Amino acid sequence: MRVTATVNGSPFSCDVAPGERLVDVLRAHGLTGTKYGCGSGECGACVVLLDGEPVNSCLVVLPRIEGHSITTIEGLGTPSVPHPIQEAFAEAGAVQCGYCTPGMVLSAYALLQRNPHPTREDVAAALDGNLCRCTGYVKIIDAVMMAAARLRGEALS
Amino acid sequence: MNEYDTTVVGHSVRKLDAMGLASGRHTFTDDFALPGMLHARLLLSPHAHARITSVDASEALVLPGVVSVVSAANAPRVFHTTAGQGFPEPSPHDSVMFDWKVRHVGDRVAVIAAVSEEVAEAALGLIRVNYEVLEPVFDPLRALEPGAPVIHDEPEAHAAIPVVYRPKQNLAASAEFSTGPVDEVWDQATHRLDRTYQVHRASHCAIEPHEVIAYLDPDGRLILRSSTQVPFHARRIVANVLGLPVGRVRVIKPRIGGGFGGKQEVFLEQIAGLLCLRTELPVRLRLTRQEVFMTSRTRHPQHLRLRSAADGEGRVTLLDLDTVLDTGAYGSHALTVATNTGSKVLPLVNRTRAVRFRARSAYTTLPVSGAYRGYGATQGAFALNVQMDEMARDLGLDVLELWRRNHIRSGESSPVFQALGEGTEGVPMSIRSCGLEQCLEQGSKAIGWEEKRGRGGNGRLVRGIGMAALMQGSGIPRIDMASATLKLNDDGSVNLLVGATDLGTGSDTILAQIAAETLGIRADQVVVYSSDTDLTPFDTGAYASSTTYISGEAVRRAASDLAGKIIRVAARMMGTELHGLSLRGGLVIGGDRVVAVSDVALRSLYQEDQEQLMGMASAWGEVSPPPFSAHFAEIEVDTLTGRIRVVRYVAAVDCGVAINPALAQGQTEGAVMNGIGYALCEEYLMDDRGRMRNGSFVGYRIPSSRDVPDLVTILVPTYEPTGPYGAKSISEISINGPLPVISNAVYDAVGVRLRSSPFTPDRVWRLLKGE
Ligand code: FES
Ligand code: FES
């Protein structure tokens, strides 16, 4: 079957077998920033934004994206023109192996769209579905708080 | 107390690959596909212990899309260990790719390569395997008893070095030593404790599952792109198992999504490699999460019996530790985790008159144990610290005071260092940097020890605080080796080629900082490439807390080698003597004359006396200086449910000079959270047939962002004279804290001693009820 959607702002269409999962299709199309950690919605490594909402792309079967808009980590920023959240992750030391990072960044992005003034508890709650085994989360939460302040235009303390 | 003024070392420079990772651009093993690539899936044993009487793959092979099936019927039978360790490996050679016997649920029976994962998966059900089921053994103590079923009855299983190995008795490894009059000290002691402790199995849970992609280059060499901590060991082991010369195998390590010891195992590369050689097609073998739990490696559960004695002055006079490790179905790291349980723990208490240690690793028909961050020290530190807490209470002393009176100090040695090595005798060592005293001091202040200890209470929610003293090592002395190559580019930047394996820790950045410091340039002028057995020089790999200390020293030496050459050319350009020239800010400086390093490079590459200026060096450790640490936690016990909440956690760590303080903190925070998960909730739930019931992140819960307490890391600076720029290690030590700290804090809160982990609500609740 043929599926048509928007991926990172560009029209996207491809032929897929029914039951094919979004994570695999994105990765097969070179968007390998979306990671696989469990394949069953338990780790958040595969998070992408579906119409701005974070979803585990390993749980999304392709018909679901028909006519919708997908944002992957590649669509958020580039190494030379990063999104402020990506910048903050790098600066705060929130990236160790980096395998969880794309999903974390996208979950954080969705949070900050919805709530530009989060507390540390709000951040922890929003990232609850994104597992990280390397960092212990402290610097990830720091990074999101830092990015939130910058996006609000506040000077850094 | 840096001994030098450093401009790059000691600064939290941004991790070099952070932005490439945060933007999803860096590539991991799976982020790479080759045309015509096959996908492999493993058929795993449903039985804990069985003989395979027949394997019939004919039905699977006729399924369209199936290309190859390998099982005991058609696999090479080369006995090896999957443990990625120095050569010859201290772990017993008791594994083949596929055997006629399975020894745990999840053991490998066959592998299928097909055009897609779906086809491979469908074909798994078409392989007909007949099993003769054997009696399983799930208890390591029972496994060592006479008459227990023999798990490794194959005649080929052997030890590669002269060590005790008795597979007929299910004894995979053993080690012991004793010094001083143990019985006499015990008999005469005024204060004595004799307790047993149990620590449990756990999974590393790197978020990236194990994976390898195997392909042939145009000359038919086998290329393995692998998520590994040990590329050079992988090359050696795969070449041996597949009967290839080492030169016909290349292992490439791309970005790695975490390892924690789990990827110090070489158990998939040979299988993917064999399928690739047979089919002459690229083959991808990736474990599912459930397979990671079942068929990769785990932490060694241990049954530890610790006896200690003390005199009236609060001097601990005896430590006597006897432990049995459950190494599971194969003896991966069976000996070295055993010895580390003593060698990375017992020296902490250093006023003893006698010390005895015995460890035995038993085969069982359970998941395979292996290397896991902490590596025995986690288990031993639990027993020691819980017993120190109990001893202090017996003596009527504050446990901090008991530690102060007994802990090892700078300038001291311990007989344990020489007695316990890694498969051989150890190396005598006297401690040259020890910040444990300051860790105790600063950590106890930060947690509020004086105000909060012993406050307990009678309500539903009761708080308590606890502490632990810890040590680890920095590499394996006289075994771990690392090397580095540097070459100077036109613009004064350098390429740094290292076999050291960054698996997410930030070691590439640490090594770049060391090179930059030595060469007087910025860290971002160092282009790091790690690691590829064709392109980078040898390194034993990322394990045993070795990278900063040993690989870092290799880089420092290689950079000094290059610095010397740069200075020599600069002296010629300036027409001065070598003496008195130094490198700073991208310049060679001699009095009031300067030459830019880039001009040195241009001259050497294009103009005069042309040569590629390069630095090259190797390093190995003569000693393994321990980092030290004191951990503290305030916890809250819900006496109605048995639930424990960690409120505040303080880790004070002496890692020598922290080359990059932010990365050192990150290592500590990650290790502490891994340790808290291990202490409170991570657990293999097994049924009575040896099957794991919770092989997913829902069933096996690891900490999430909501579980983070107020977590404080204090880096206590010392200067280790044998380390590069004064550095020791930091990656492992902090995982050893939470287990004893939380147990001791629970006792402080509610007077219940937790000697078996994990401290699940159910277990705590039953103890509170006096069961
Ligand atoms: S891979 Fe999708 S949630 Fe883990
Ligand atoms: S940085 Fe490795 S899993 Fe998060």
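Leaving aside its neighbours within four places in sequence, with which residues is A383(B) in contact?

Figure 1. A383(B) is in contact (heavy atoms within 4.5 Å) with Y197(B), L304(B) and L306(B), its neighbours within four places in sequence being left aside. A383(B) belongs to helix α10 of chain B, residues 377–395; helices (H or I, at least four residues) and strands (E, at least two) are DSSP runs numbered from the N terminus. With a relative accessible area of 1%, A383(B) is buried; buried means under 20% relative accessible area, exposed over 50%, and partly exposed in between (1.4 Å probe, protein chains only). Between the C-alpha atoms of A383(B) and P35(B) the distance is 53 Å, with 348 residues separating the two in sequence.

**Figure 2. Salt bridges of E390(B).** A salt bridge is a side-chain nitrogen of Lys or Arg within 4 Å of a carboxyl oxygen of Asp or Glu. E390(B) pairs with R195(B), the closest N and O atoms lying 2.6 Å apart. This pair links distant parts of the chain, 195 residues apart: E390(B) is in helix α10 of chain B and R195(B) in strand β8 (residues 191–199) of chain B. E390(B) also forms a salt bridge with R755(B) (3.0 Å, N to O). R755(B) lies in the loop between α19 (738–750) and α20 (761–768) of chain B, so its pairing with E390(B) ties together parts that are 365 residues apart in sequence. E390(B) is buried at 9% relative accessible area, whereas R195(B) is partly exposed at 26% and R755(B) is partly exposed at 23%.

**Figure 3. The contact between chain B and chain A.** Chain B gives 49 residues to the contact and chain A gives 42 residues. About 3800 Å² is buried between the two chains, 58% of it on carbon and sulfur atoms; buried area is the accessible area (1.4 Å probe) that two parts lose on being put together, summed over both. Eight salt bridges are counted between chain B and chain A. E669(B) and K139(A) meet through their side chains in a salt bridge (3.1 Å, N to O). On the side of chain B that touches chain A, the elements giving two or more residues are α1 (18–22) and α18 (661–680) of chain B. Of these, α18(B) gives the most, with eight residues.

**Notes on the model.** Residues are numbered from 1 along each chain as its sequence is written, and chains are lettered from A in the order in which they are written. In this predicted model, local features need pLDDT of at least 70, side-chain atom pairs count only at pLDDT 80 or more, and totals for chains, interfaces and linings use all residues, while side-chain values use heavy atoms, with hydrogens and water left out.
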